[in-house]
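Biologist: I am new to this structure and would like to learn how to read it. Could you take me through a few features, one at a time?

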Amino acid sequence: ELDDSEQKKTWRADPLSGMTSQSVERHRKRAPSKRTAWEERDQEEWKARRHHLLSLNAYDRHKLLVNTYYLKHEGIEHLKRDSSRDRNDLDVLRQEHRFLWNPDDEELAGSSWEVRLAKRYYEKLYKEYAICDLSRYRAGKKAIGLRWRVESEVIGGKGQFVCGERKCGEASGLTTWEVNFGYAERGVRKNALVKLRLCGECATKLNYFEKRKQVRVGKGEKKKKPRKEGSAKKRAKVGEIGRA
């Protein structure tokens, strides 16, 4: 057996090979052959292709391989993804949204990502006042649509300092109404007591078939007017005269 130092020696380092240090240096500086360049190019292309395939998911990788195979056969269309069952976040909200979440619905919040998305959207709504749609108020007392306000409407005062009708922008003469909103959700009849702030014209539309309950400020909630200094002094003088 040879030592490690002897195993590392090559035929160029062998003094009997006739290769001097200068000839070895010239051999190293010589350009590689075309075959070597082609092999290195193929190896780099294979690495890039492998990295690209690993970066794809299972379906995209399958589609790429099948399409590459179809390119070699004429008259065959490329593989296309079936997008008929695709849904975006808006489609999910339309399917899973609830006007009011009760404790039974909250138990389902962890069942799927669609229900969790609808629950997170519901928690971001402002439910003090509602926005109503009175465009079909003549069709019947059940032809009224309600929804909760979003952040932009709360900041702009829509539904509280501006009429809560969807298309009305009146800001004067607003009154507060309590509406017992009955609606059907997933085949179940539900009721919710909702507050609306409406102008005079929209209030007439709301009460077209049925008189709703108007919220009025009670006597205990009325603000007391501050007393004037002059009247207080007069009362004090009257008291002194009475004592005398």
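This is a predicted model: local features need pLDDT of at least 70, side-chain atom pairs count only at pLDDT 80 or more; totals for chains, interfaces and linings use all residues.

Biologist: What is the phi of Arg186?

Modeller: The general idea is that most residues other than glycine have a negative phi. Arg186 has a phi near 55°, a positive value in a residue that is not glycine.

Biologist: Now the charged pairs. How many salt bridges are there?

Modeller: The count comes to eight salt bridges. One of them joins Glu114 and Arg87, whose closest N and O atoms are 3.0 Å apart. Glu114 belongs to helix α7 (residues 113–123) and Arg87 to the loop between α4 (58–70) and α5, so this pair ties together parts that are 27 residues apart in sequence.

Biologist: Which residue forms a salt bridge with Asp133?

Modeller: That is Arg166, with the closest N and O atoms 3.7 Å apart. This pair also links distant parts of the chain: Arg166 is in the loop between α8 (151–156) and β3, Asp133 is in strand β1 (residues 126–133), and they are 33 residues apart. Arg166 is partly exposed at 40% relative accessibility, and Asp133 is partly exposed too, with a relative accessible area of 22%.

Biologist: What about Glu185 and Lys190?

Modeller: Their side chains meet in a salt bridge, 3.0 Å from N to O. Both Glu185 and Lys190 are buried.

Biologist: Which side chain of opposite charge is nearest to the buried Arg149?

Modeller: Glu128 is the nearest, 4.5 Å away. Arg149 sits in strand β2 (residues 145–149), and a polar atom of its side chain lies 3.0 Å from the backbone oxygen of Lys158.

Biologist: And how do I read empty space?

Modeller: Rolling a probe the size of a water molecule over the atoms shows where empty space is left. Here, the largest pocket has a volume of about 270 Å³. Its lining includes Val179, Asn180, Phe181, Gly182 and Arg189. β3 gives the most to this lining, with four residues. By class, the lining divides into three nonpolar, two polar and five charged residues.

Biologist: What lines the second largest pocket?

Modeller: Among its lining residues are Leu90, Leu93, His97, Tyr121, Leu146 and Trp148. The volume is about 210 Å³, and α5 (89–96) and β2 each supply at least two lining residues. Eight of the lining residues are nonpolar, one is polar and two are charged.

Biologist: How many cavities of 30 Å³ or more does a search of the whole structure find?

Modeller: It finds one. The largest cavity holds about 40 Å³ of space. Tyr137, Gly140, Leu206, Tyr208 and Phe209 are among the residues lining it. By class, that lining has five nonpolar, one polar and four charged residues.

Note on methods:
Residues are numbered from 1 along each chain as its sequence is written. Side-chain values use heavy atoms; hydrogens and water are left out. On a 1 Å grid over the protein atoms alone, a cavity is a set of points where a 1.4 Å probe fits but cannot get out, and a pocket is an open set with protein on both sides within 12 Å along at least five of seven lines; lining residues have an atom within 4 Å of a point. Grid points are joined across faces, edges and corners, and a volume is the space filled by probe spheres set on the points. Ala, Val, Leu, Ile, Met, Phe, Trp, Tyr, Cys and Pro count as nonpolar, Asp, Glu, Lys and Arg as charged, and the others, Gly among them, as polar. Buried means under 20% relative accessible area, exposed over 50%, partly exposed in between (1.4 Å probe, protein chains only). Lys and Arg count as positive and Asp and Glu as negative; His and the chain ends are not counted. A salt bridge is a side-chain nitrogen of Lys or Arg within 4 Å of a carboxyl oxygen of Asp or Glu. A polar contact is a pair of N or O atoms within 3.5 Å; within protein, one must be able to donate a hydrogen and the other to accept it, and residues adjacent in sequence count only if both atoms are side-chain atoms.
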